[in-house]
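Please look over the sequence and the structure shown here before reading on. The briefing below then takes up the chains and their parts by topic.

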Amino acid sequence: MKILKQRWAGIVLTALSLFLTIGVKTVFAACGPKEDGSWMACHWAEQAVFASGIVLSCISVMILLISDEKVRLGLSLAVIPAAAVTALIPGVFSGLCMMTNMHCHTVTRPSVTVISVLIAAAALVDVIIKLRSRKGGSR
Amino acid sequence: MKITAQSVCKEFIRQGRGTNRFVAVKPLDITIEQGSLTLLMGRSGSGKSTLLNMLAGLLTPTSGKVMYDGDDIYAMDDEKLSRFRNANIGVIPQGQTAIHSLDVLGNICLSYMICGTGRELEAAYPAARELMGRFGIAELETARPEELSGGELRRMAIARAMLRKPGVIFADEPTCDLDDENTELVLGILKDAARSGAAVFIVTHERDAVRYADVIYEMNAGEIGRTS
Amino acid sequence: MKLTESLSFRNVTGRPGRSAALVILTFLMAVSVVCGTLTVTSLRTGLGALEARLGADIMTVPASAVSKQNFENIVMQGSKGYFYMDRSYYDKAAEREGIEKISFQLYLASASAGCCSVPLQIIGYDPETDFTVSPWIRKSAGRELGDLDVVVGNDLSVFVGSTITFYGVECNVAAKLDKTGTDLDTAVYTNLNTIKKLIASSVELGMNEFTDIDPDRVVSCILIKVADGYPVDEVLNDLNLHVRRTKSFRTKDMISGVSDSLTGVSDIVGVLMCAVWLLGLAVLFLAFRMSVNERKKEFAVLRIAGASKKKLAGIVMSEALMITLAGAAVGIIIGLLMMISFNGLIEESTGLPFLLPDGGAVALCAVFALAVSVIGGMISAVWTAGRISRIDAGVILRGEN
């Protein structure tokens with residue numbers, strides 16, 4: 001129970017980041033190659049999200065494993081902008097397919113957005129709790 | 001504060017085959033003087049706790065009056081009686097009575113948390129800490145009730161009842177399930193409270209308590225008699 | 001007293017496990033209400049947009065090309081099929097009685113649209129006679145379409161002012177249409193001259209399955225608005241009887257299939273929503289009751305410390321309020337996030353016109369969900385609050401020997 005209280009952020013962040021990283025290549029991958037074998041625009045968004053997902057996963061695992069409170073707080077802080085930027089990759093930093101009823105618009109983009117927002121929110125909650133317990137502690 | 005009960009009596013209606021009335025406390029008069037420690041002894045089931053609850057403003061008598069310095073407390077409405085209890089009456093109930101979501105300091109300051117502003121609550125902390133020091137639980141300020149021993153919990157409950165320096169303190173079996181050392185400690189604390197001017201009323205069947213008492217009553221099957 | 005110092009707040013935060021379970025429950029209630037109401041509203045909005053877009057009372061197509069089933073597909077799913085009939089049918093239809101306005105459209109499917117391998121439907125209309133599409137094309141483009149101008153559906157992510165190439169003909173994107181929540185959102189609209197050029201080009205390139213058509217002599221679909229005083233059914237029968245080798249449909253009938261399934265879906269969503277809500281209410285009721293019952297003694301202690309009956313009821317109610325408010329707020333945020341993000345997927349997978357309403361209506365849904373969840377939580381706590389305010393502190397404490 002105590003472990004859960006201390007490590008929930010690491011567990012949640014690692015699970016979400018891994019889901020994002022693996023999912024963007026499998027469950028909610030962007031559109032496949034065209035008949036002539038060339039990739040559509042959304043493939044590059046998928047690659048960028050994949051790269052960003054690896055970074056997020058690494059940071060999350062560090063949050064899970066490192067025991068120093070201050071380092072963990074710093075890592076949680078770093079997750080927030082990283083996740084926010086990841087949410088913006090499909091469609092903003094990298095274009096998607098032309099028709100918005102295609103897979104990359106209906107599945108990939110919303111999945112990436114939702115998971116990234118959840119990652120950022122979890123990190124934010126963790127930071128707020130950590131800051132409050134640093135400030136508080138005495139009445 | 002002087003408490004006078006005039007022919008108070010309590011009947012309970014027992015559910016069962018037909019309704020039969022059960023008289024827990026037969027009409028009786030009792031006076032509790034300020035600055036004295038009054039002991040009420042008797043077997044369990046003799047109506048001691050019922051009488052205590054009626055005197056403490058927690059149980060409306062079937063008939064009769066309970067007067068605090070001449071004011072009939074059961075003539076007040078619930079809101080007014082609650083405020084009166086909050087300010088003037090400290091009750092140490094039977095058994096373990098901690099609020100589990102609060103730490104020890106929070107439990108002791110409960111009466112300020114119920115009636116009072118945030119500032120009043122803050123202002124009560126020093127007095128609470130002082131009481132904790134006197135009762136030997138100073139280092140338990142931020143502990144949770146489930147981490148405390150029976151004796152510590154009882155001392156916490158007494159500190160809670162005494163925080164507002166009430167004119168009247170009621171204690172229902174305050175030494176039950178305590179060891180000798182804690183029994184001495186608790187009775188000593190209550191005796192001190194009586195010496196400093198409060199009216200203290202204790203229900204107990206602890207024979208050792210007699211040494212601390214100024215007045216002793218004995219209760220038997222709803223009837224009361226003064227023994228000393 | 002500050003909120004964080006109040007007894008209710010400490011009761012809620014002092015028992016994280018119990019509170020979390022209750023918050024999750026209200027969270028689920030709020031998610032179901034916000035998603036449910038938003039789904040129903042979106043389907044209604046979508047149907048409205050679709051009706052507005054269709055415009056005509058009757059549509060006539062070549063009998064050889066269609067059964068009713070796939071004609072519905074053409075309208076609803078933007079089926080990529082296309083077909084032609086001789087223009088003489090149009091002239092014949094125009095001679096019938098009871099017709100106020102008549103126009104025609106030419107269809108073509110693109111082979112490939114630049115980036116994506118899925119073909120688009122290109123619809124050409126006659127600016128001189130058209131009464132269905134030009135009003136909203138004028139609205140979004142702000143002018144009449146010139147030659148080689150196209151207006152694209154909302155699902156095509158091309159910018160206004162850029163170009164798009166079909167069969168080697170470069171066209172200018174003049175405007176983008178509002179969303180309808182159907183596959184009409186992937187259609188491309190253009191005027192008669194442009195579509196003729198495109199059809200000619202597709203025939204030249206050998207990419208049109210109709211190899212020998214003359215774009216000037218064919219139409220794909222005839223659109224008719226019935227004059228006032230003539231029943232639509234009569235005109236429809238008249239057309240089906242006298243303009244041979246064509247098939248005429250009431251556009252309303254085509255939508256009615258959609259509208260029926262839409263009513264069905266709305267009903268199911270509504271029932272599910274009510275079920276979740278009632279179930280949540282019952283569980284919350286039991287949970288509040290249990291959480292107070294196990295703390296009966298604590299409430300008796302509060303009572304002896306000077307809490308009035310009203311105060312006890314207030315503590316129960318504000319605990320319930322904090323929990324439902326927290327659960328509902330998180331539930332609504334997550335629910336909205338999911339619905340707004342995945343609305344494209346819902347539209348694709350249900351095949352129904354699914355169009356999120358405007359921001360105001362979405363906000364209204366959120367407020368509704370918040371109110372319903374919080375009121376639900378309050379209702380389920382009221383009984384417990386009433387009961388606890390009647391507890392007899394003396395009796396409870398006496399009973400604990």
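Two residues are in contact if their C-beta atoms, placed from the backbone, lie within 7 Å. This is a predicted model, in which local features need pLDDT of at least 70 and side-chain atom pairs count only at pLDDT 80 or more, while totals for chains, interfaces and linings use all residues. Residues are numbered from 1 along each chain as its sequence is written, and chains are lettered from A and ligands numbered from 1 in the order in which they are written. Helices (H or I, at least four residues) and strands (E, at least two) are DSSP runs, numbered from the N terminus.

**How the chains meet**

- Where chains B and C meet, 26 residues of chain C are in contact with 29 residues of chain B.
- On the side of chain C that touches chain B, two or more residues come from each of helix H1 (7-14), helix H9 (296-304), helix H10 (309-341) and helix H13 (393-398) of chain C, and H9(C) gives the most, with five residues.
- By class, this side of chain C has nine nonpolar, five polar and 12 charged residues, where Ala, Val, Leu, Ile, Met, Phe, Trp, Tyr, Cys and Pro count as nonpolar, Asp, Glu, Lys and Arg as charged, and the others, Gly among them, as polar.

**The two domains of chain C**

- An assignment, automatic or from a database, divides chain C into domain 1 (3-49 + 259-398) and domain 2 (53-257), and the C-alpha centres of these domains lie 49 Å apart.
- The contact between the domains takes 10 residues from domain 1 of chain C and nine residues from domain 2 of chain C.
- Helix H2 (16-54) and helix H8 (251-293) of chain C each supply at least two residues of the side of domain 1 that touches domain 2, with the largest share, three residues, coming from H8(C).
- That side of domain 1 of chain C divides into four nonpolar, four polar and two charged residues.

**The sheet of chain B**

- Chain B holds an open sheet of four strands in the order E2-E1-E4-E5, with antiparallel pairing, where two strands pair if DSSP finds at least two bridges between them.
- Strand E2 (20-32) and strand E5 (71-72) of chain B are the edge strands, each pairing on one side only.
- Strand E1 (residues 3-14) and strand E4 (residues 63-68) of chain B pair in the antiparallel sense over five bridges, and Thr4(B) stands opposite Met67(B) in E4(B).

**Residues with a positive phi**

- A residue is buried if 20 or more other C-beta atoms lie within 10 Å of its own, exposed if 12 or fewer, and partly exposed in between, with C-beta atoms placed from the backbone.
- Asp69(B), in the loop between E4 and E5 of chain B, has a positive phi of about 50° although it is not a glycine, and Asp69(B) is exposed, with 11 other C-beta atoms within 10 Å.
- Leu148(C), in the loop between helix H5 (134-141) and strand E5 (149-152) of chain C, has a positive phi of about 65° although it is not a glycine, and Leu148(C) counts as partly exposed, with 17 C-beta neighbours inside 10 Å.
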